[in-house]
Amino acid sequence: MSEPLIFNFDVDGNDFTSAGQASVQIKKNLRQLGLSPETIRRVSIAMYEGEINMVIHAGGGKAQVQVDEEKVTIILEDNGPGIKNIEQAMQEGYSTAPDAIRSLGFGAGMGLPNMKRYSDEMNIESEVGVGTKIVMKVFLQ
């Protein structure tokens, strides 16, 4: 695989029932490529957490997954409100999700920490009022 395989997804920010569809599809794609179950698990969890965050906080966004010989790269971009304090947002349990979202079982403040936990590298660029871009890498085993 000299050129990376690229998969693009739109994350609908208006529908919790569709949240997670991209992570389910990427799991199928990675299985077809023969990647290890552990790599697939890590990518799927990181991707799902990112999708949910985009639905809860940003009204949706775009996800791209690139697969090459060394790694899977997940790029999540939205035009939401941005993250005011990334360091604080990375703390387990910290959440800005509204009560209505929490009553649905989401917004426990584990999204960003889990994204970091299940990726080998994670970078967050965010500007308040503009949006957020998160790049995660999972190296192939």
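What volume does the largest pocket have? About 650 Å³, and keep in mind as you click around that this is a predicted model.

Start in the middle of that pocket. Select Asn53, His57, Ile83, Thr96 and Leu112: of the 35 lining residues, these are the closest to the pocket's centre.

Now widen the selection to the elements around them. Colour α2 (37-58), β3 (71-78), α3 (86-89), α5 (111-118) and β5 (131-139), each of which puts at least two residues into the lining. Which element gives the largest share of the lining? That's α2, with 9 residues.

Is Arg42 buried or exposed? Its relative accessible area is 10%, which is under the 20% cut-off, so Arg42 counts as buried. Show its side chain and draw a distance to the backbone oxygen of Tyr118: the side chain reaches that oxygen at 3.3 Å. Then bring up the neighbours. Leaving out residues up to four places away in sequence, Arg42 touches Tyr118, Ser119, Asp120, Val138 and Gln141.

For the last stop, jump to Glu3, in the segment before β1 (5-12). With 62% relative accessibility, Glu3 counts as exposed, whereas Arg42 is buried.

Conventions:
Residues are numbered from 1 along each chain as its sequence is written. This is a predicted model: local features need pLDDT of at least 70, side-chain atom pairs count only at pLDDT 80 or more; totals for chains, interfaces and linings use all residues. Side-chain values use heavy atoms; hydrogens and water are left out. On a 1 Å grid over the protein atoms alone, a cavity is a set of points where a 1.4 Å probe fits but cannot get out, and a pocket is an open set with protein on both sides within 12 Å along at least five of seven lines; lining residues have an atom within 4 Å of a point. Grid points are joined across faces, edges and corners, and a volume is the space filled by probe spheres set on the points. Helices (H or I, at least four residues) and strands (E, at least two) are DSSP runs, numbered from the N terminus. Buried means under 20% relative accessible area, exposed over 50%, partly exposed in between (1.4 Å probe, protein chains only). A polar contact is a pair of N or O atoms within 3.5 Å; within protein, one must be able to donate a hydrogen and the other to accept it, and residues adjacent in sequence count only if both atoms are side-chain atoms. Contact means heavy atoms within 4.5 Å.
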